[in-house]
Amino acid sequence: MIGLFCSSCGSMMFPKDGKYVCNQCGAEQELGSVETFTTSVKNKEISVISENVATLPKTRIICPECGNTEAYFVIRQTRAADEPETRIYRCCKCSHSWREY
């Protein structure tokens, strides 16, 4: 999970009960809006991007939908362990999501 860093102690904060919570000092911060995108693979539902997208890293890549050159990304192991990971992108401008295997 991707979270924020605690402003008090610098530890990583994780989503819990609708807020980011620091496991070290107990500090809390509002989570904001959370969006979840799912996909079906062999009768299983897999969460693709479930983090608050504002906390995801960005990269320069061309969106196939609108041509924008900036997108959020996550890396997931969606296939067998001996296969490469899947990079999942989400356009910062039009919110179009796509994958690279």
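A salt bridge is defined here as a side-chain nitrogen of Lys or Arg lying within 4 Å of a carboxyl oxygen of Asp or Glu. The structure is a predicted model, in which local features need pLDDT of at least 70 and side-chain atom pairs count only at pLDDT 80 or more, whereas totals for chains, interfaces and linings use all residues. Residues are numbered from 1 along each chain as its sequence is written, and side-chain values use heavy atoms, with hydrogens and water left out.

Two salt bridges were found in a search of the whole structure. In one of them, E100 pairs with R87, and the closest N and O atoms are 3.2 Å apart. This pair links distant parts of the chain, with E100 in strand β9 (residues 97-100) and R87 in strand β8 (residues 86-91), 13 residues apart. Strands are DSSP runs of E with at least two residues, numbered from the N terminus. Both partners are classed by relative accessible area (buried under 20%, exposed over 50%, partly exposed in between; 1.4 Å probe, protein chains only). E100 is partly exposed at 28%, and R87 is partly exposed at 25%. A salt bridge also joins the side chains of R79 and E83, with an N to O distance of 3.5 Å. Here R79 has a relative accessible area of 33% and is partly exposed; E83, at 34%, is likewise partly exposed. In general, side chains of opposite charge can pair when their charged atoms come close.

The largest nonpolar core consists of six residues, namely I61, C63, A71, Y89, C91 and W98. Such a core is a set of buried Ala, Val, Leu, Ile, Met, Phe, Trp, Tyr and Cys residues joined through side-chain atoms within 4.5 Å. Leaving aside residues up to four places away in sequence, C63 touches N68, C91, C94, H96 and W98, where contact means heavy atoms within 4.5 Å.

S95 is placed in the loop between β8 and β9. The phi of S95 is near 65°, a positive value in a residue other than glycine. Most residues other than glycine have a negative phi. The relative accessibility of S95 is 35%, which counts as partly exposed.

F5, M12 and F14 make a nonpolar surface patch of about 290 Å². Patches are made of residues with over 30% relative accessible area and no salt bridge, with like charges joined within 9 Å and nonpolar side chains (Val, Leu, Ile, Met, Phe, Trp, Tyr) within 5 Å. Accessible areas come from the Shrake-Rupley method with a 1.4 Å probe. F14 is located in strand β1 (residues 13-16).

Definitions and conventions
Helix = DSSP H or I, 4+ residues; strand = E, 2+ residues; numbered from the N terminus.
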